[in-house]
Structures are given as structure tokens and as C-alpha cells.
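Work through the exercises below with the coordinates open. Each one sets a task and is followed by a stepwise solution.

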Amino acid sequence: MRRWRPVGPASEWTAMEERVLERWREGDVFRESVAMRRGGEPYVFYEGPPTANGRPGSHHVLSRVFKDIFPRFHTMRGRVVERKAGWDCHGLPVELEVERQLGISGKPGIEAYGIAEFNRRCRESVGEYLEEWERLTERIGFWVDTSEAYRTMDTDYVESVWWGLATLFEKGRVYESDKVVPYCPRCGTALSSHEVALGYQDVVDPSIYVTLPLLPGQSTGEGLSLLVWTTTPWTLPANQAAAISPGTEYAVVVHGEERLVMAEALVPAVMGEGAVVERVIPAADLAGLEYEPPFDLIPGRHVVVMSGFVTTDDGTGIVHIAPAFGEDDMRVARDHGLDAPNPVDREGRFTAAVPLVEGVFVKDADSVLMGDLEARGRVFRSVPYAHSYPHCWRCSTPLLYYAKPSWYVRTTDVRDRMLDLNAGVGWHPGHVREGRFGKWLEGNVDWAISRERYWGTPLPFWRCDDCSEVTAIASFAALRACALVDVPADLDPHRPWVDTIPVRCGCGGTAHRVPEVADVWFDSGAMPFAQHHYPFEGSDDLAGRFPADFVCEALDQTRGWFYSLLAEGTLLFDEAPYRNVVCLGLILDGEGQKMSKSKGNVVEPWTVIDHAGADAFRWYLFTAQSPWESFRFSLDVVDETRRRFLFTLWNTYVFLVTYAALPDGWSPGDPAPPPEERPAMDRWALSRLDATVEQVTARLADYDPTAAGRALEELVDDLSNWYVRTSRRRFWRGDDPAGTAAAFATLHECLTTISLLLAPFCPFVADEMWGNLVAVHDDTAPPSVHLADWPDPGSRRDQDLEQAMVAAMEATTLGRAARKNAKLKVRQPLLEAVIACPPATARMLHGLSGIVAEELNVREIRFVTDAGGLVEVTLKPNYRTLGPRMGTAMPAMAAAVADLDATATVRALDAGESVTVTVQGRDEVLRDDDILREVRPSEGYAVAEGGPLAVGLSTHVTHELEMEGLARDLVRAIQNARRAADLNVADRIVVHLDGSGRVREAIDAHRQWIAGEVLATDLTVGHGVPFAALHREDGEVDAEPVAISLSRA
RNA sequence: GGGCGAUUAGCUCAGGUGGUUAGAGCGCAUCCCUGAUAAGGAUGAGGUCCCAGGUUCGAGUCCUGGAUCGCCCA
């Protein structure tokens, strides 16, 4: 009883995938695949949480399928791979979305609206696209447990983050400092360096050269003005000092009435070549001089100081110092005991300290301030300046560098340790370790973890109203223990609720929570422990859950999640949080442009899935190129991938099932000869199969799905275009039952093993094939390929056979080229093909000559191994073997080889003798390996050659051969008629033919053969059809008219 | 301004440790096959391997410099 399920055409691919998906749902296959490995060694995967308040795009498909393939692979190899989904819930993107919905903007708007209600809406907004995310996740076959996903806003999660922050605080790794930070005045918050990195834009800012006249009555500098250059004129009112570079010579340049001071080296750049330098002053003589500030509004020392950070690369070599608005400026101010006055409020507007522009946003104040300076004759020159300036990555507001208190984690303390740990991480590509990520770590600065925002993990720090002492609270229990009010059992640990809970300070005073929330990157970096509510629940260690064996995200996460994970892993556990990292590239459109909604070039994942299916989408992403390069992505490239690989595979599978399902077909378990007794073609296929298993396993174990996938592509191509092509007849000829059984068993095993190898890549088609190739026939087999074990490579490699087959393929290609040259179609049988090649090749090919003969449609294959006669030989030195031996004498050797008598040399080598040549007075013995031969047909043969092989065909078509060719043509015509009549491949027919004398002669000569080929039980010839024809057609065969009638037998 | 990566056929991409005539797919042209058929195959045209130096008997491959593009940092 055959149990094969009928198979549909490849064009119904997406319907097939939907059916498989349904089977997974019904059988709960994902859960089962994990559960059945319980007790095995864990393989730890961390899901980097996406934010679900936007639609998932094609780039999310990229990361999600890479997150899928390795867990699937390791599951099949016996590891337990828990896959907990996660969602990043907090942060500015969410707040911005809610602000947009509410039509409010900025912090005052939010506070007027009410933090409680605002945060409630943020919580809702987070889940808005959750359903679409889950639907896409399922449809692309990303197996991850979304039912128990961690969410960074969950109470348990927040408590774990509190634990982390409080632990760092207790270790003395957290501090608060007034520091200049990149600050977004619209969002009202400082940005972390990795956020700043997201928002550089090329802009044109005003840049001005301003004069700072030195005050009269000082030792040096009477009548001189310092020249400073700035691209942020709005910082000039806050000027406190002018910094110069120690050890640099400063020039006094005459400019009209004025005498300007600037670094001597920069005079030509600033003043032009003709500038007159009056004299030169060493930096030391300028230090300490006082000058007239650009605006006499804010008190200060207005003094010249020396600082190492000043360069003479650009500007004037004198730097305007506004301590509140620059990191270097602040350091200079600290070093020299200067104040850091700040005339700009939190919204980025000038305060009453600068009446001229009070209430004006700083960037808008530039022109007014410059106009005022100009009017006072203090501007030397002003030119627009194009540079890259950081903007808020969410709202595009230009960032201000701005002094304000912030909370920091002292990551610089563990910088070297992070570098150590990073050295042991398996990065893919490897250059990220020392390159992009390593360089980033080397330049590490303390991590600013506080944000003055609303929707985030509140910092668990309480500051005493009386003694200012800060208490860090590591758990809700600890909070309850020292709270001065009742803490509800269902505490929402978000603002504003936690802000209403004062606690008792050690000094007896009352402490209130500091207003800031945590950087969302701290949330995601905490996921290794927070997703398990560590250390509050379950085991108090993370054994089997930390570190991860594998994480995977886009390359831009080097500064984001990859960093926050490593920083927290190092600080809290002194261990790298991941062993292997796979980086992914960007998804660009087909023209290499970044996809963006405004350009309208976004390829939606659903478009790809609906048209080409998830397997094709996945296969493209895995195999198109190295995953960390940018993808030039379009529907077309996925479609091409699908046709090239998936359809080829599917056609091969359909071929097997079609013939196996016939009544006289075959089922798994039917007896078949053992592999070693099967024909060469089968042994070759199994050898290739074993080689591929080995390769795919090794490449996947090394996180290289691209090479693994390409090995599979080659195998499928070999099977389809060589094995099936040459073995086709064995699948339906009844005269060799052992050969038929061997063919079925071989192809079945290949496809079954391929379904296993393919399972992590294309889980749908792999399972579909497994179901029909294995599961339906064997009730004890795993019902899904994803519950099966990864195959072990067999021991049937036969490299000699593989090599011989390559030669056979080459001979076939050449034979076909020869036919084309001679204009002899393949259907016309010929007497013989002559293969000219070295004896070793001939020995190798001998066992395969039947295959070559059949492919070339010739009766005989004859080998010619002697040079001369059929072919001429030319000799070339083998540089690969001779080069290292000869060194600089190599050109002389090449000349010596060219001088050899080719025919005699080849004869000697073929006889096993060596050949000696004299090169630069030394005798060199040449072996067979050292000489490469090229054969070329001699005159008179229509042949084709390639390297050491040449194939010639006897072109004489005898009458007998002609009749045989005609018979073949008739078979083809009848087969076409069968197709036109819509018959099944196994239907028996009766045929009646009518045609010319030549046609009749061909039929008479080959009647039995023709009937056999077309499954005819009766074949008649002549006028008048002796049965009621199901189908009839008139046509031509080899220019002869032929009428074909046929009917079912 | 600095770091990292890329640049190979019209397009998309392969090309361990340097070694014969640099490959594949798509597209194009010309054919073939027809018991996988809304498939399949063959042949052909198409290359200054970004440029310039260098190392070497020999460089797409290694070194130096430059150009262009991308990402990251300042």
C-alpha cells in the first residue's frame, strides 16, 4: 500500500507554507521541539528586544530569521534551546508617539497633561503593533516563545533592573556629576553617546571670527586683539576665557587699524598669503592677560589660559571658552578655577541674563548676537560653515552641549576588563572585535544612564531632604521596609507612583526619589537577568542561562545593545554576556538606496511573503551574500532565488513522488541493494550527499549559513541536473527491478537528508518534504523534521568517483559542443564519440562511459590516450608545483618546457617515466604533476576541447542511424500528443500513425521500441484509424508529414 | 578630521594559505530537449579584477598611497 500524498506544483508554494504552519500550530511543534531535548546541554539564545510600537519591516525579518536558524540547528543537534521573546517598552520613541497622538509637545505639555495618564497611554501604545509583530514572527517561521515574552515595563523586569542599578550603586560605580552633555532641549533630556551617534546631520552653521581686545595697562599686548573662531555664536555671551596652545608661537598681524593675534601657523589660512606679521609672541607671554569679553553681560575673569586640547589644525589657535557649553571648556574652567555661568534655560532659550535675546532659542539667537557684535566692530569675518552636527535622533532638534547634573555609571573603571572579555567573543565578521567594537571600547567614557523623562524605569535612588545622602533601593521589599507610606501590593513601579513614596533616610530625615528615569539601553542590557526576574525568583544563579551562546543584531548595535550587554555583564558578573555574535547589514533597496518611507522605496515584508513565500525570503537572506554586508533588496532578487534553488529542489522532489506513488512504484522500506552494490551514479550521489552533510554541519557550527547554503545549492543542482537527468529511465523501467529500487532508495535518501539539512534554513518546505518522504510511511518516525536529529555524515565518500564524475560531466559538455559545431542534434544517434585524454583520466572515466554515451546519444565511447593522431598536445609548466622549487629560475623553466617535444614527453610521462630538462646548467627532473597538457584536435575532426580533454564525434549518419533518429523523433511527437491529450504518465495507450514512406520505414524498423517508449499496447500504421481516437493531430517529423491518433488502451 | 568595511561581466554576487586561460546566477543572443513541462539544458557575446606605486620568478589575492561608496565616531 503506497502512502504517498500527491504533491502540487511549486507555484502553490505559499499555500503549502500555510498548511505547514497549521500543522505546527496543531501539533504545538515548537514547544515539543524544545521539550523533547530536556536534559540536554543548554544552548543559550538572547532575543534583543525590538520596540513594538512601529510596524515590523524587512530588516526585522533579516534579524529574526538569523535569530532562528542557529537555535533550530542546535536543537536538532540535541541542545535545549529556550527562546524567550522580548519587547523593549520604555523610552523616548514611545513618548514621542504618544505626544503626537495627544497633539502636545515637550515636557511642559506632558506635565500639564498629567504624568499618570501620559504613562498609561505609553503603556497602551507599546502594544499597538504587537499583534502584527507576532503574526509576522510566526509567518516567517521564527520560533520564539511570544507567550511568555519579557517586557521591559513589567513590574518584575523593573525590579531586576533596580537590583542591577542598586548593586552598581553599592559597588560605588554610580555617581552624579555636573557635566556637559549632549542635550536635547525639546525632549528635555541628555542623550547617551550611542544616541548622539544616531543623529549626525550635515548642516551649515554661521561661523564667525571675533576680536577680543586685550585690556590696556598689561605687561604685553597693548593695543592687540585676540582673534577667536566659533561655529556656535550663541555661546559667546557665556564666554569666560580664551585658551591658547602651550609652546605655540602666536603672530601679531596688521589688519587695517587693528593688530590681531593668532597662531602663526594659521596666518596664511586665515589672513591670506599677503598678511603682514608684525612680530611673534610665545604662548607663555600671552597667558594670564585679560581681555574685553564679546558681550559685557555676564561677569567673569575673561583671561587667556593655556590648555593642551588647543590645536592649530583649524580656527585661529585661540579657542573661545564657554564652560557651560563644551566638554573641553568645562575641563579648562575646572583647571583654572573659572565659573561656568549658564544663561540658557532647559528649553534652550536665553534667560534674562542676556536681555538682547531673552526667551529666544539659542540657534535662532545667532543672527541677533552676530549683528550686535558687528555693530560694535567686533567681527573680523563671518562665513557659513558646513559640518556634521549632532541632532536629536528622534525629533531632529539640534543638540546643545550643556552642563547639567546627570547620573553616570563608571564604565571606564572596567574598560580594560571589557576589552579582555571582548577578546574572547566569537564575532562574525571577526574584524568587529578589534575594529569597530574594539575601537569603541578603547574610547570608552562613563555611561550617562539618567534621562529626565517619564516613561522609563525610574532610577531607584532616593535623596534625603536633610542630609542629601542618596539611598539605592534594590527591591520592592526593601522599598516597603523603609517607606514612610503604605506601598500598595500591586505597585506600579513607574512614575508618578514611585515618586509619591518617601523613605526614611539613615539620618532620620525623609528622602524622595530623584526625578530621573534610566536610559532604555540599560533596560535592554539587563535582559540576561531581568528576563528571569533574577535574583528574585527561582534559582539564585544564572547557570544555564548566562552567558548567551549566541546573539544576533544589526551592525549598528555595536554601540547599542552589544555594548549595554557587555557593560552590564562585566560590571555585574565580570563575564562576557555572549560567546558568539552575528552582525547583520542594512537592508537597502534594489538601487542601493536606504529604504525610507519618504522615498517610497520600502519593500514591505508581507509583499515578499505573499508573493514568494517565507522560505524564499529566508533562503535569500541566508545565502545571497555575507550577512553583514548591505543587502540590495527587492522582490525580484527573492524571486530569482526561489526559482533557482527552491523550484529546482521542489521539481526533484515532485519527480520522485510522482513515480514512487505509481502502483508499481516504490515506498521507503522496500528492499533495495546496499549502497556499495548500487550503480556508480548512485554511489556518486551518496558520496556527494555525505560530503554536503559534513560541509553544512561545519559551516553552520561556525555561524556561516552562507557557505552552508551554497553547499546545499550545489548538491541540489547536482541531483537535479545530473543525477535525475541521467538516471531518469531507471525510475520507470521495469526490466531492472534492482536498478529501479536502487535509484528510488538513493534519491529518497538524498532528499530526506536534504530536508534535514534544510530544516533550519527553510523550515516549511523541509517539513513538507519530510512529511511525505518519511512521516507518512513510518508511524515511529518523528512527525516533523524539526523533531528529528541532525544527520551524521556517512562514510560513503569516494573522492575518486567524484573526480571521475567531474571529468564525465566535462566530457559530456564537450560532446554537446562538438554536436553543435557539427550541427547534429542530440536526438540523432551517432556511432561513436572519441575522448582524447591522458591514460589516468581514461581509466577514471572508463566506468562512467555508459553515462557519457547515453548523454551524448552515441553507441560507443572510444578513448584515445596517445598523443598525435587525433589530437595535438601542448605542454605548460605547472607553476603551482614548479614555482616554489624553481624560484627565480621559473621563467627559464617555462622556456625549457616550451622547448620540449610534446608528443615524446607525453608518451614518456604516460609510460610512467620522468623527463629531465636542463635549466641554467642544472638538471631538473619533471614528473607528471609538473606538466600540464592541453589538447587540441588535429585537422579533420569536428571536436571540442577543454584543457586536458577533447571529444570528437563520428559524424557519418548511416541509413540505419537515420531511421533510429527518425524513430526517436516519432517518440517525441507521440509523447507531445500524450501531453496534449492530458494523459497521466502511466496511462497505457493505443496509437495509430500515418505518414510518408520514410516514416513508415522507421516505424517498421523500431515498432516495438517506439511502442515501449510511449507505453502503447498497440501501434498501427496506415490510412484510417482503427479505433475511436481520444486525440489526433497532424504534424511534421524531420520534415515528413505525420498524423498521430491515440486513445487510452 | 579619525575608525571600520566595501569596490571583480550590463545587474546581483563567488573567488582557503599568491600559481595554468578570473567564475556562477540573472539579463541578452543562438540553439537543444520534451516520461520533472507554468520546468530543464547547451553554446556564445560580455572583464584595464577602482587607480597608482611596491614586494615577488609570479598579485584579483600581500604592502603603501590615493579615489569613490557605506556605516560608525568626533
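**Exercise 1: a loop asparagine**

Asn878 is found in the loop between strand E29 (871–877) and helix H31 (879–886). The model is a predicted one. Determine whether Asn878 is buried or exposed, and list what Asn878 touches, not counting residues up to four places away in sequence.

Solution. 
1. Burial is assigned under 20% relative accessible area. Asn878 has 13% relative accessibility, and therefore counts as buried.
2. With sequence neighbours up to four places away left out, the residues in contact with Asn878 are Gly883, Asp929, Asp930, Ile931 and Leu932.
3. For Asp929 there is also a polar pair: a polar atom of the Asn878 side chain is 3.0 Å from the backbone oxygen of Asp929.

**Exercise 2: an aspartate in a helix**

Locate Asp636 and classify Asp636 by its relative accessibility.

Solution. 
1. Asp636 belongs to helix H23, which spans residues 635–660.
2. The exposed class begins over 50%. Asp636 has 62% relative accessibility, so Asp636 counts as exposed.
3. As a distance check, take Ala612, 24 residues away along the chain: its C-alpha atom and that of Asp636 are 9.5 Å apart.

**Exercise 3: the buried side of H1**

Compare the span of helix H1 (residues 13–27) with the expected one, then find which residues of H1 are buried.

Solution. 
1. H1 has 15 residues, and the distance from its first C-alpha to its last is 21 Å, close to the 21 Å expected at 1.5 Å a residue.
2. Trp13, Met16, Glu17, Val20, Leu21 and Trp24 are the buried residues of H1.
3. These residues lie on the same side of H1, because they cover an arc of only 140° around the axis.
4. After H1 comes Asp28, which has a positive phi near 50°.

Terms used
Residues are numbered from 1 along each chain as its sequence is written. Chains are lettered from A and ligands numbered from 1 in the order in which they are written. This is a predicted model: local features need pLDDT of at least 70, side-chain atom pairs count only at pLDDT 80 or more; totals for chains, interfaces and linings use all residues. Side-chain values use heavy atoms; hydrogens and water are left out. Helices (H or I, at least four residues) and strands (E, at least two) are DSSP runs, numbered from the N terminus. The expected span of a helix is 1.5 Å times one less than its number of residues. Buried means under 20% relative accessible area, exposed over 50%, partly exposed in between (1.4 Å probe, protein chains only). The arc is that of the directions from the helix axis to the C-beta atoms. A polar contact is a pair of N or O atoms within 3.5 Å; within protein, one must be able to donate a hydrogen and the other to accept it, and residues adjacent in sequence count only if both atoms are side-chain atoms. Contact means heavy atoms within 4.5 Å.
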